[in-house]
Amino acid sequence: MTRLTNPRMAGLLVALVAGVLLTPRHMAAQQERRYGGGDKDPQPTKATLAIVGGMLIDGTAGTPVSHSLILIDGNKIVAVGTKDTLKVPPGAKTVDAGGMTVMPGLIDAHVHMDTIGHTDYQYWHQTYRGRIQEIYAISSRHMLFSGVTTALDLGGKMEDLAGYKKKLQSGAEVGVRLKSTMGFITDLSESYVATWHRGYQTINVHNAEDARGAALKYIASGAEVLKAYTGLNGPEVKAIADEAHAKGLWVTGHVEGIQNTIDRLNAGQDAIEHTGGYALGGKVPDEVIKLMLTRRTWVCPTLVTNGAQIDAVEWPEFWTDSQRMKANTPPEIWADIRRSLDYPNRVLTNFGGFVHWRSADESKEIFQQLYHAGVRLLVGTDASTPLNFKTDALIREMDLMVRYGVPPMEVISMATRVNAEYMKMGSQIGTVTAGKLADIIVVDGNPLQDMRDLRHVAVVIKDGKVVKGAAADAAPGSSPTSPTKSGDGR
Ligand SMILES: [Zn+2]
């Protein structure tokens, strides 16, 4: 993992050194680099949309570009430069980003489209299974309006998700760019699965051949990644990984204890979800770290899952009366979720009691251990676990990473370029670069100074369309009960 110095400190240092040592010619070269003159894209003659002004953080973790200008034609970025190096072609719509920060659309590497924060899973799944397409649309809206333009869904039910993804692909529905496991693969007792609230989303297997069959079934249903959830042993994971890798897909999942972690990684599991007592718990032994580095394992810490309920104790009204949830959720569904928040002990019941302060501290320690060892880390949230609303989850995850010692510029790069690379979409999204898809957000603030400024996403552009902000031209979600049809949600 690239280690970055604080860009502002680096800038200060450059300025000091420049003042003492550099000739005017060198200084001009510095300015050229800083203001984006170095790598200018050729001036296009045609563009449908221009983002004018603002500081560009392009996702590569390079120096921010001041007074940037980005040209988009259709759904693609066609040029990235500055107000000095590029002109807005006639006929292009403009978005004024002056005084704000321009960034790639954020990517959440672990979500659940079928939940939106209710604290009682059993009740939720029973009540809303028949309205699941509507819930997916609400999930998309919660993410898009908070600047998340791409998500990796690690659950769901294949038949439901296949329908939703078809709608997204046809353009009938505006939502997040979505990849999905289409469900879980487990090896649990049949009696447990029969009563488990997500039993209907799983294929339960008891040997390697069953596991191979489950993998093939998910791949045939359109899964882009497979989820090796709890109970699986090494040979079962190997069967799943072999089938996934043969199709160019990858495998993520849980681990249970040290030996199971070693077995799964050796079997070819590419990524591990969660850090904390219930997954990758305790101090990670050196041999496991070594194995992770050798196998280039990805780890998605989902720090915010542990932190969500703790935040809710410290500042309850932000969660129980979230204006963003209220504005972007049909009133009767929000009222139902809101009622469930009166019983926070249900959160503990749903998670077997693991969500507590100690678990959050443990997550932090493991995260820091992995980060300093150079393990490849992702930014994902497990939203929407109870109270872990998609309207805020990724921003809180990024903020926690900064608090745990990662430089803000590196966190932004992880939530954009690195997550895109992990999702095998690095050539399409993750940076603001000519040739890539136009998923771009404009933030009223500077996340390099305070990551929580990401709460103020002023404009969201997904696939070249403005879905939030001035002159929005597409409204996410097709729910008939949607309170927000203007595409200008909070
Ligand atoms: Zn999850």
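This is a predicted model: local features need pLDDT of at least 70, side-chain atom pairs count only at pLDDT 80 or more; totals for chains, interfaces and linings use all residues.
**Close-up 1. An open sheet is built from four strands in the order β4-β3-β1-β5.** The pairing here is mixed. β4 (76-82) and β5 (93-96) are the edge strands, and each has a single partner, so one side of each lacks a neighbour in the sheet. On average, neighbouring strands are turned by 15° against each other, ignoring direction. Zoom in on β1 (residues 49-52) and β5, and you'll find a parallel pairing with four bridges. Within this pairing, Ile-51 stands opposite Val-95 in β5.

**Close-up 2. Helices α7 and α8 cross at roughly 30°.** The axes of α7 (residues 208-220) and α8 (residues 234-246) come within 8 Å. Angles under 35 degrees count as roughly parallel, and α7 and α8 are therefore roughly parallel to each other. Their crossing is right-handed. On the α7 side, the contact uses Ala-208, Ala-211, Arg-212, Ala-215, Leu-216 and Ile-219. α8 answers with Pro-235, Glu-236, Lys-238, Ala-239, Ile-240, Glu-243 and Ala-244. Sorted by type, the residues of this contact come out as nine nonpolar, no polar and four charged.

**Close-up 3. α9 and α10 make a left-handed crossing.** Here the axes of α9 (residues 257-267) and α10 (residues 286-295) come within 11 Å and cross at roughly 15°. That makes α9 and α10 roughly parallel to each other. From α9, Ile-258, Thr-261, Ile-262 and Leu-265 meet Val-288, Leu-291, Met-292 and Arg-295 of α10. The tally for this contact is six nonpolar residues, one polar and one charged.

**Close-up 4. α4 and α5 are oblique to each other.** How do the axes of α4 (residues 132-144) and α5 (residues 158-170) cross, and within what distance do they come? They cross at roughly 55° and come within 10 Å. The crossing of α4 and α5 is right-handed. Three of the contact residues are nonpolar, two polar and one charged.

**Close-up 5. Helix α17 is largely enclosed by the rest of the structure.** How many of the eleven residues of α17 (residues 393-403) are buried? Nine of them are. The buried run reads Ala-393, Leu-394, Ile-395, Arg-396, Glu-397, Met-398, Asp-399, Leu-400 and Met-401. Note that charged residues are on this list too, with Arg-396, Glu-397 and Asp-399 among the buried positions. After α17 comes Gly-405, with a positive phi near 110°.

Terms used
Residues are numbered from 1 along each chain as its sequence is written. Axes are lines fitted to C-alpha atoms, for helices over the stretch in contact, and angles run from 0 to 180 degrees between N-to-C directions. Helices (H or I, at least four residues) and strands (E, at least two) are DSSP runs, numbered from the N terminus. Angles under 35 degrees count as roughly parallel, over 145 as roughly antiparallel, 65 to 115 as roughly perpendicular and the rest as oblique. A crossing is left-handed if the near helix is turned anticlockwise from the far one by less than a right angle, and right-handed if clockwise. Two strands pair if DSSP finds at least two bridges between them. Two residues are in contact if their C-beta atoms, placed from the backbone, lie within 7 Å. A residue is buried if 20 or more other C-beta atoms lie within 10 Å of its own, exposed if 12 or fewer, and partly exposed in between; C-beta atoms are placed from the backbone.
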